[in-house]
Amino acid sequence: MTHLLVSWIIMTASVLVAAYVLPGVRVGSFGSALVVAIAIGVLNAVLRPVLIILTLPLTILTLGLFILVINAIIVMIVGSIVKGFEVKGFFTAVLFSVILSIAHWILQNVIHA
């Protein structure tokens, strides 16, 4: 249970970092960032595998780069669902997902080191 809470806080901090770095992303409050972290986690667990399987030929053709598009779609879905979280444009969603992944990786390694 503790591991889950720590992962949730790390993801929330990563959302806040990515939103701070990108001018096209707005997070209204810390509570909104908590909800965004949960929503991204749930959609990554449920929707992402389905999208990856459905777009497997395209993913193979682009040598895996199409996964960035899938991540951006998930971020845009979260942006349309969660109040207090705004993403302006598809390219911003792609950059947000990349920065989010990097920030999450760094924070996770710092916390668990």
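At 17% relative accessibility, Thr92 counts as buried, a term that means under 20% relative accessible area, with exposed meaning over 50% and partly exposed in between (1.4 Å probe, protein chains only). This is a predicted model, in which local features need pLDDT of at least 70, side-chain atom pairs count only at pLDDT 80 or more, and totals for chains, interfaces and linings use all residues. Residues are numbered from 1 along each chain as its sequence is written, and side-chain values use heavy atoms, with hydrogens and water left out.

**Thr92 and helix 5**

- Thr92 lies in helix 5, residues 90-111, where helices (H or I, at least four residues) and strands (E, at least two) are DSSP runs numbered from the N terminus.
- Leaving aside neighbours within four places in sequence, Thr92 is in contact with Leu22, Gly24, Val25 and Val87, contact meaning heavy atoms within 4.5 Å.
- The buried residues of helix 5 are Thr92, Ala93, Val94, Phe96, Ser97, Leu100 and Ala103, and their cover includes helix 1, strand 1 (25-27), helix 2, helix 4 (66-81) and strand 2 (85-87).

**Helix 1 against helix 2**

- The axes of helix 1 (residues 2-21) and helix 2 (residues 30-54) come within 8 Å and cross at roughly 115°, which makes helix 1 roughly perpendicular to helix 2, a label given to angles of 65 to 115 degrees.
- On the helix 1 side, Trp8, Ile9, Met11, Thr12, Val15 and Leu16 meet Phe30, Ala33, Leu34, Val36, Ala37, Ile38 and Ile40 of helix 2.

Notes:
Axes fitted to C-alpha atoms, helices over the stretch in contact; angles between N-to-C directions. Parallel < 35°, antiparallel > 145°, perpendicular 65-115°, else oblique.
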